[in-house]
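Here's a walk through one protein model, piece by piece. Take a look at the picture, then read on.

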Amino acid sequence: MDMNAVNQNAGRQLAFNPENCERMPSGIFCSDSFGRWALTDVSGMPLLAAESFPQCLLPYMAASGSFYGPSLHILVVTLACNHACIYCRVAPVSEKEKGTEMTLETAKKSIDLAFNTPNDCITFEFQGGEALLNWPVVKSSVLYAKEKNKIYKKDMRMAIVTNLSLMDEEKFKFFVNEGVSVCTSLDGPASLHNLNRRYGNNGGHDKAVYWIKRFAAAASSSGKPDSLPSALMTTTKHSLSIPEKIVDEYRDLGLGGIFIRPLSPIGHAGTVWKDIGYDPLEYKLFYARSLKRVLEINRCGERFVERNAALFARKLFHFENPNYLDLKSPCGAVTGQLAYNWDGNVYSCDEGRMLGAGGDASFMLGSVYATKWRELFVKPSAIMCASASCLESQPACARCAFKPFCGVCPVHNKAAQGCIYGNMKGSYWCEIQKAVFYVVLAALRNPADREIIKGWID
Ligand code: SF4
Ligand code: SF4
Ligand code: SF4
């Protein structure tokens, strides 16, 4: 039996008692509530009962980092945007439309509130709409947070999420000098990116690529690889036929890896789903081809990471929770992140804020002007988020073999199924997670590919 009982960080005394099993093409995957797991075939099943496992000092859930207070604080500095991406969930207001910019007063109030977190690590992320449309407030907020942190002395990071169309030399220098990392969207080669992410007559690909290269060069000359720009892709129907080209685009830009991400059929994307969406099987084939291309690159001696596989492998092999907020139990809403809207309203997470922009206030916790820090965490919406994303409370998840490695999204449930708890059985979210797990586990059964993937996390 290969790949059985591989979790070497877990104990010496416990007999493996698999509670849940999932039969799949690459074998039978079993797990228990603490993340102990095995991937075997039918002949290996009787042996599992006799396996002993290293004893874990901390149960998996306690190690999940859920209870240290939110570390990610997202300031939505404007809803305005100069792009018209085909999947945009917030239906951005036009660039010229005024009235949705965060004032500096609201930004400062948000930062003041955020510093109450007991978490020693704090990240401020500025986003929109297009965040650079409110450049003065972004700039002042960065400086304000830095000044404030002279008192709090937290491990503070700052990031801006931008489509890069409004980047210029002044802003570039500011972000590099102040150590603000830049995150952008890059859906793939120009033909695809510009089809998905509409901007002006020609699309935003050229500018995005130009500034990614500039920030990458600045990071490498500063000797701080951590400050490399990052890019995220979103998969649409138009992406499905060219996964290799998308991977190669990221590789050619020296981004070191790619995070293959599905589109969610919620909000605006849900209304145009027949034009841009796909079913979970199509996504599975797309993801499998993407991972195959990534592994090919690695086989030639280059380290190039696929982040879904790396996240999953970190949980499998290191018994760690990498604190990816969407795939943990409970999820990172409220406990891991808070989103501060341009008008001062505080939400469980950015996706909850997006639902709020569409008129659904289910995920609103209060206001920076009226709500005290500790009041945020006892709001019914906060409690519902934690409860609905706790996998033990989800009937389908509680007995699923992937439970220790997965998560559910209350915002997705509310938008797609009309209820924060949702129903995971047969849900799109669940099918997509399973598709990724199946593909990664199939790759892990190949010893050469397993070594490559383990190499990403060691
Ligand atoms: S850049 Fe972002 S906010 Fe603007 S339209 Fe595209 S997805 Fe929406
Ligand atoms: S969402 Fe689906 S795959 Fe994930 S734990 Fe729940 S039932 Fe399992
Ligand atoms: S509610 Fe959904 S989007 Fe928000 S943190 Fe939880 S999993 Fe992520």
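This is a predicted model: local features need pLDDT of at least 70, side-chain atom pairs count only at pLDDT 80 or more; totals for chains, interfaces and linings use all residues.

## Around the ligand

## Two packed helices

Two packed helices are described by the angle between their axes and the distance between the axes. Here, helix 7 (residues 243-252) packs against helix 10 (residues 280-299) at about 45°, and their axes are 8 Å apart. Because of that angle, helix 7 counts as oblique to helix 10. The crossing of these two helices is right-handed. So who's touching whom? The table lists the residues on each side.

| Helix | Residues in the contact |
|---|---|
| Helix 7 | Pro243, Glu244, Ile246, Val247, Arg251 |
| Helix 10 | Phe286, Arg289, Ser290, Arg293, Val294, Ile297 |

By class, this contact of helix 7 with helix 10 has six nonpolar, one polar and four charged residues.

Eight of them make an open sheet with mixed pairing, in the order 12-10-9-8-6-15-16-17. At the edges sit strand 12 (230-232) and strand 17 (364-367), each pairing on one side only. On average, neighbouring strands in this sheet are turned by 25° against each other, direction ignored.

Let's zoom in on one pair. Strand 8 (residues 121-127) and strand 9 (residues 155-161) run parallel and are joined by six bridges. Phe126 stands opposite Ile160 in strand 9.

Conventions. Residues are numbered from 1 along each chain as its sequence is written. Chains are lettered from A and ligands numbered from 1 in the order in which they are written. Axes are lines fitted to C-alpha atoms, for helices over the stretch in contact, and angles run from 0 to 180 degrees between N-to-C directions. Helices (H or I, at least four residues) and strands (E, at least two) are DSSP runs, numbered from the N terminus. Angles under 35 degrees count as roughly parallel, over 145 as roughly antiparallel, 65 to 115 as roughly perpendicular and the rest as oblique. A crossing is left-handed if the near helix is turned anticlockwise from the far one by less than a right angle, and right-handed if clockwise. Two residues are in contact if their C-beta atoms, placed from the backbone, lie within 7 Å. Ala, Val, Leu, Ile, Met, Phe, Trp, Tyr, Cys and Pro count as nonpolar, Asp, Glu, Lys and Arg as charged, and the others, Gly among them, as polar. Two strands pair if DSSP finds at least two bridges between them.
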